[in-house]
Amino acid sequence: MYILIYRWNRAKIFKVPANTCVIEWADNLLCLHEGGLPYALDPKTLETKGQYSFQNSLAANVSFLAHTRLDKDNNRLLGCSVVPGRHTRLTVYEFRSDGSLYSQIEHSIAGLCYLHDFCFTKNFYIFTSSYLQWKPLSLIKALAGFESLPKAVTSHTFKDADLFLIPRPDSKLDLEPVSYSLNEPLFTIHLGNASEEDDKVAIYTCSFKDFVIGNEFGYYPCRPGYFDPRANGGGAPQYLLRIEIDWKRNHLNKKWIDHTACDFPEVHPHREGKKCRYLYACASAFDDLPFPFQLVVKYDLFQETKEIWHCGKTDFVGEVIFIPKMDVEEEDVGYLMAAIYRPKGRCVEFAIFDSQQVAKGPICRIRSPQPFPYGFHGSFAEDVVA
Ligand SMILES: [Fe+2]
């Protein structure tokens, strides 16, 4: 009995590698993950300071999302915590530049759903629900401590996904939160950006029609000494989707922009929440396979065209980060940076592109002095020189 109770308790504890996203905020380098509070590091020395609660705004057991958003106009960091369950409860926070809490609101979504990312506009927080269902046998194993809880769920293939517009605390529109059906069971991990114009809100997501949890990014099958990102575990690819909502007329329209399997969508970091012409992503070289990522893609959302660079058949690319040129207003003037994982050379290179000439390839490649595993998320901090 004691062993069962011990395993039950362990099953409820997620590992805390703090390895999903990294951002600079309030003089800290924050390493974020889904299992708890962010970890703060010294941005210059990379010394670990410990868990970070935004000046005690977050309780010790809060699961803070790995993805945050920057509201540059108000100089606030937007974040969210999630409590999954029959009703998924989320709390959306806004933090000032000193790390103190500006606002927080709560919202509940009926059903168990996966939330990893969100976006915002001047008036709204925007979430897409990727509904989950339990796998009974795996759930028993997880509760007994023999398997992790994430392996006990699977994407819901019969329940249509929803999109939620939740008014921000500063909104003058005097609206209630509202949900819209996406009319098919989509699974969305990452959202690109959102913007609003008059009564319309436009959102870009990378959405799967079928997603197999646990097989993502080629890490399955996983055994020591073995890694092959081409070993995809099934599922359908994720494509760039534009969702347009006319909230006054209660109407939703959606359009698949492209059939290149792309993910990790990014826009100019100072233009999140605003209308953007350009969106950057990494993508699979195979339109019918969600992974591996071998393409750097720049989308022109106005023209619905794209520019592509292929990193080579034996190399793999992670998230593409846009670094704006200082004091330049033009949206796509700057650099793209991507980590290129090179298994044959057992190394990682940072490739830097002129963001207006992506197809020409990197203008500079810098080899990391130390190898590290194939990874995805990253960020650029303009005032940190280590
Ligand atoms: Fe992510």
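I looked up Ile340 and found Glu349 in strand 25 as its bridge partner. The model is predicted; local features need pLDDT of at least 70, side-chain atom pairs count only at pLDDT 80 or more, and totals for chains, interfaces and linings use all residues. I number residues from 1 along each chain as its sequence is written.

Strand 24 (residues 334-342) and strand 25 (residues 347-354) run antiparallel, joined by 8 bridges. I use DSSP runs for the elements: helices are H or I of at least four residues, strands are E of at least two, and both are numbered from the N terminus. Two strands pair if DSSP finds at least two bridges between them.

I checked the hairpin of strand 24 and strand 25 next. It has 4 residues between the strands, and Arg346 takes a positive phi near 50 degrees. I then followed strand 25 to strand 26 (residues 364-367), where the pairing is antiparallel over 4 bridges. Ile352 has Cys364 in strand 26 as its bridge partner.

I traced an open sheet of 4 strands in the order 1-2-3-4, with antiparallel pairing. Strand 1 (21-25) and strand 4 (48-51) are the edge strands, each pairing on one side only. The twist averages 25 degrees from one strand to the next. For such angles, axes are lines fitted to C-alpha atoms (for helices over the stretch in contact), and values run from 0 to 180 degrees between N-to-C directions.

Strand 1 and strand 2 (residues 28-32) are antiparallel and share 5 bridges. I found Cys31 in strand 2 as the bridge partner of Val22.

**The annotated histidines**

Which residues does the UniProt annotation "binding site" cover? The unreviewed entry gives His67, His116, His190 and His377. They are spread over 311 residues of sequence yet cluster in space, with a largest C-alpha distance of 12.8 Å. I note that UniProt positions are in the numbering used here, that feature names are shortened, and that annotations may be inferred rather than shown by experiment.

His190 lies in strand 15 (residues 187-197). It counts as buried because it has 24 C-beta neighbours inside 10 Å. The cut-offs are 20 or more other C-beta atoms within 10 Å for buried, 12 or fewer for exposed, and in between for partly exposed, with C-beta atoms placed from the backbone. Leaving aside neighbours within four places in sequence, His190 is in contact (C-beta atoms, placed from the backbone, within 7 Å) with Asp117, Cys206, Asp263, Phe264 and Pro265.

His377 lies in the segment after strand 26. With 18 other C-beta atoms within 10 Å, His377 is partly exposed. Not counting residues up to four places away in sequence, His377 touches Thr20, Cys21 and Glu319.

**Cys21**

Cys21 lies in strand 1. Is Cys21 buried or exposed? It is buried, because 22 other C-beta atoms lie within 10 Å. Cys21 and Ala66 are 45 residues apart in sequence, but 5.6 Å apart in space, C-alpha to C-alpha.

**Confidence**

The chain mean is 88, and 89% of residues reach 70 or more. Among the elements, helix 1 (residues 2-11) has the lowest mean (41) and strand 10 (residues 119-120) the highest (98). Over residues 1-13 the pLDDT is below 50, and this stretch has 10 contacts in the model beyond near neighbours in sequence.

Terms used: Two residues are in contact if their C-beta atoms, placed from the backbone, lie within 7 Å. pLDDT is the predictor's confidence in each residue, from 0 to 100.
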